[in-house]
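Please look over the chain shown below before reading the points that follow.

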Amino acid sequence: MATLQDIGVSAGINILTAFIFFIVFAFLRLQPFNDRVYFSKWYLKGLRSSPASGGGFAGRFVNLDLRSYLKFLHWMPEALKMPERELIDHAGLDSVVYLRIYWLGLKIFAPIAMLAWAVLVPVNWTNNELELAKHLKNVTSSDIDKLTISNIPESSHRFWAHIVMAYAFTIWTCYMLMKEYETVANMRLQFVATEARRPDQFTVLVRNVPPDPDETVSELVEHFFLVNHPDNYLTHQVVYNANKLADLVSKKKKLQNWLDYYQLKYTRNNSQTRPITKLGCLGLCGQKVDAIEHYIAEVDKTSKEIAEERENVVNDQKSIMPASFVSFKTRWAAAVCAQTTQTRNPTEWLTEWAAEPRDVYWPNLAIPYVSLTVRNLVMNVAFFFLTFFFIIPIAFVQSLATVEGIEKVAPFLKFIIEDKFVKSLIQGLLAGIVLKLFLIFLPGILMTMSKFEGFTSVSSLERRSASRYYIFNLVNVFLGNVIAGAAFEQLNSFLNQSPNQIPKTIGMAIPMKATFFITYIMVDGWAGVAGEILMLKPLIIYHLKNALLVKTEKDREEAMNPGSIGFNTGEPQIQLYFLLGLVYAPVTPMLLPFILIFFALAYVVYRHQIINVYNQEYESAAAFWPDVHGRVITALIISQLLLMGLIGTKHAALAAPFLIALPVITISFHRFCKGRYEPAFIRYPLQVSFFYISVKFTAT
């Protein structure tokens with residue numbers, strides 16, 4: 001069990017680690033040769049061409065302006081300067097609304113933390129329940145635990161303070177959720193109504209086109225929409241299985257890149273000697289040929305193969321998939337088609353809004369309806385076993401990541417780990433680091449499962465993966481450590497206690513587990529977020545590619561591509577902090593300042609990354625917000641149920657029933673928000689279509 005000293009050691013190490021990351025980042029971002037890594041978004045948008053440099057050859061690689069190093073935290077206020085409207089134009093609505101999740105955390109937990117520390121901490125501290133428990137020799141505790149609800153004796157009237165605070169926390173959280181839901185919904189509608197015209201805004205995706213022996217898929221789609229949407233149908237494009245064609249296009253791209261490289265090399269040399277290449281393996285052996293002439297011939301040859309393959313794909317009926325993109329004359333008509341059932345058979349002619357081209361996940365467009373159902377069932381079963389069997393190795397390794405666990409496995413290390421500093425290091429850091437390492441490969445597994453299920457857009461793939469990641473965190477990271485972990489810690493006590501003492505032990509053990517989550521927050525939320533801004537992995541990959549693979553400016557652009565935010569991993573991690581904050585606010589208020597530091601630090605860091613680094617792959621117009629809202633509501637209900645059970649173990653029979661109304665109120669609030677705001681994220685309002693048309697007509 002971590003003590004106040006252990007928490008202090010962990011906090012010191014993580015603060016020092018974060019500070020070192022910031023200093024290293026401040027140094028690296030000022031070097032001209034790293035400019036394309038730390039300001040890659042400006043290069044990709046064509047708004048930055050070269051870093052400021054001076055001092056001759058050395059100045060091209062190293063910043064020689066010593067004064068610039070003195071402002072190593074200057075990036076923080078710079079990240080906060082850009083207004084939200086400008087940030088939407090710069091990075092998109094998805095990125096801005098993602099940042100608002102962190103801002104929502106600050107708005108919820110800042111007042112809750114102040115209220116909890118002003119009311120609950122004095123109520124908890126001014127008791128001696130844990131001191132009495134020590135004399136019974138069945139519960140161990142530290143000074144930190146005196147701040148928790150465990151320090152209140154059974155049947156005490158002081159539990160009324162926790163119940164009143166639970167109501168206050170619930171009302172405040174619901175109020176902020178409603179205001180934020182309304183704000184984001186209005187932002188989405190305004191964004192969709194005023195953004196520039198794109199083909200996908202007038203297009204729907206049609207899947208499960210039924211086979212017809214007398215007509216091709218293309219003819220069938222055209223005939224169907226001419227009959228059912230005669231006044232609004234414009235055109236369509238069937239989906240082809242063109243894997244070989246895609247390979248040829250990729251091959252031509254590489255050949256063209258080599259051609260550009262040798263032409264640029266020949267132009268720069270200003271000599272009559274033309275570049276030579278070898279036809280053997282990797283250009284290291286074989287016949288020598290003129291490089292420029294060779295690659296011109298290869299590009300022409302591949303272009304002819306592409307033209308032939310394109311013709312084969314169009315004429316081969318086996319290459320045509322039972323899916324099509326259908327375009328309409330107006331956005332209103334597309335909205336009507338996307339939101340209505342086209343035939344009596346609901347498994348055929350399935351229509352949905354077409355994702356923007358960047359967002360389309362092409363391999364899943366033509367999966368049959370029955371296959372989708374089977375795939376969904378298989379993945380649900382697989383995820384169930386993944387979630388509930390993964391808790392076994394996590395619980396086992398977590399039990400070893402303690403002083404007692406290490407002493408059992410390796411008793412010869414006892415004289416080392418009993419040292420005060422080493423013991424504080426183990427109890428304050430090791431368990432959090434081990435848990436973090438266990439979750440490294442999980443996002444990739446969950447994304448593969450989502451792809452197998454058949455979602456047709458990258459955004460929906462990420463939302464599905466995020467949903468499962470959240471459930472996994474809830475079961476394994478939270479419940480696995482709080483409930484199962486608490487039971488494991490008190491197992492010896494259970495064996496020596498009478499049955500009526502066991503609920504008391506559990507009631508005390510659950511809030512005591514907060515010390516583990518405090519250490520996890522510091523490892524993952526402090527040092528982890530500070531390490532995010534360092535961009536160590538993209539930095540190393542960029543310089544390796546730049547040294548070994550980059551031949552042209554196009555290669556350099558691909559080498560510096562930093563990717564996007566990673567909603568499928570980032571949002572579930574944020575939701576874990578919402579869950580911890582809401583659960584422990586009435587139980588262990590000491591955890592709240594650590595969460596506030598995380599939200600504040602993460603907001604600044606990710607705002608900087610979104611402005612300067614991340615290049616979002618797609619734009620879903622904040623379609624993920626209902627999931628965010630629902631998970632915070634889930635965390636709120638879990639916190640209420642756990643508090644109800646916890647007070648029940650304290651024999652506060654008169655106080656506990658007053659908590660029953662909280663889940664009912666919260667669920668009713670969620671149903672209200674779902675009916676009031678969620679349609680803006682699922683269906684396209686026809687009123688917005690008319691507004692859009694009238695605005696464009698007036699402008700014309």
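1. The largest pocket has a lining of 42 residues, and those nearest its centre are Lys436, Glu532, Thr569, Tyr606 and Tyr614. Its volume is about 1500 Å³. The model is a predicted one, and the values in this note are to be read with that in mind.

2. Several helices contribute to this pocket. Those that give two or more residues to the lining are H7, H17 (420–438), H19 (458–489), H22 (514–534), H23 (536–548), H24 (553–559), H25 (567–584) and H26 (591–612). The most comes from H22, which supplies 7 residues. Sorted by class, the lining of the largest pocket holds 25 nonpolar, 9 polar and 8 charged residues.

3. The secondary structure consists of 30 helices and 6 strands. There are 700 residues in the chain, and 50% of them are buried. The chain exposes about 33700 Å², with 64% of that supplied by carbon and sulfur atoms. Of the contacts between residues at least 6 apart in sequence, 81% join residues at least 24 apart.

4. Rolling a probe the size of a water molecule over the atoms shows where empty space is left. Over the whole structure, 3 cavities of 30 Å³ or more are found.

5. The largest cavity contains about 90 Å³ of space. Its lining is made up of Ile112, Ala166, Phe169, Thr170, Leu582, Ala585, Pro586, Leu636, Ser639, Gln640, Leu643 and Leu662. Helices H9 (159–194) and H27 (625–649) each supply at least two of the lining residues, and H27 has the largest share, with 4 residues. The lining of the largest cavity includes 9 nonpolar and 3 polar residues, and no charged ones.

6. The second largest cavity holds about 60 Å³. Around this cavity are Asp94, Ser95, Tyr98, Ile565, Gly566, Phe567, Gln616, Tyr618, Ser620 and Phe624. H7 provides the largest share of this lining, 3 residues. By class the lining of the second largest cavity has 5 nonpolar, 4 polar and 1 charged residues.

7. Which residues touch the most other members of the largest nonpolar core? They are Phe599 and Trp625, in a core of 141 residues. Helix H7 (residues 93–125) gives the most to this core, 17 residues.

8. With neighbours within four places in sequence left aside, Trp625 is in contact with Val97, Ile101, Leu104, Glu180, Tyr181, Val184 and Phe681.

9. Is Trp349 buried or exposed? Its relative accessible area is 5%, under the 20% cut-off, so Trp349 counts as buried. Trp349 is placed in the loop between helix H13 (331–338) and strand S6 (350–353). Apart from residues up to four places away in sequence, Trp349 touches Val206, Arg207, Asn208, Val209, Pro210, Leu220, Val221, Phe224, Phe225, Gln342 and Thr343. One of these contacts, Val209, lies 140 residues from Trp349 along the chain, yet the two C-alpha atoms are 5.3 Å apart.

10. Why is helix H13 described as largely enclosed by the rest of the structure? The description is used because 6 of its 8 residues are buried. The buried residues in H13 are Arg331, Ala333, Ala334, Ala335, Cys337 and Ala338.

11. His229 has a relative accessibility of 12%, so it counts as buried.

Key
Residues are numbered from 1 along each chain as its sequence is written. This is a predicted model: local features need pLDDT of at least 70, side-chain atom pairs count only at pLDDT 80 or more; totals for chains, interfaces and linings use all residues. Side-chain values use heavy atoms; hydrogens and water are left out. A nonpolar core is a set of buried Ala, Val, Leu, Ile, Met, Phe, Trp, Tyr and Cys residues joined through side-chain atoms within 4.5 Å. Buried means under 20% relative accessible area, exposed over 50%, partly exposed in between (1.4 Å probe, protein chains only). Contact means heavy atoms within 4.5 Å. Accessible areas come from the Shrake-Rupley method with a 1.4 Å probe; for residues, only the protein chains shown count as cover. On a 1 Å grid over the protein atoms alone, a cavity is a set of points where a 1.4 Å probe fits but cannot get out, and a pocket is an open set with protein on both sides within 12 Å along at least five of seven lines; lining residues have an atom within 4 Å of a point. Grid points are joined across faces, edges and corners, and a volume is the space filled by probe spheres set on the points. Ala, Val, Leu, Ile, Met, Phe, Trp, Tyr, Cys and Pro count as nonpolar, Asp, Glu, Lys and Arg as charged, and the others, Gly among them, as polar.
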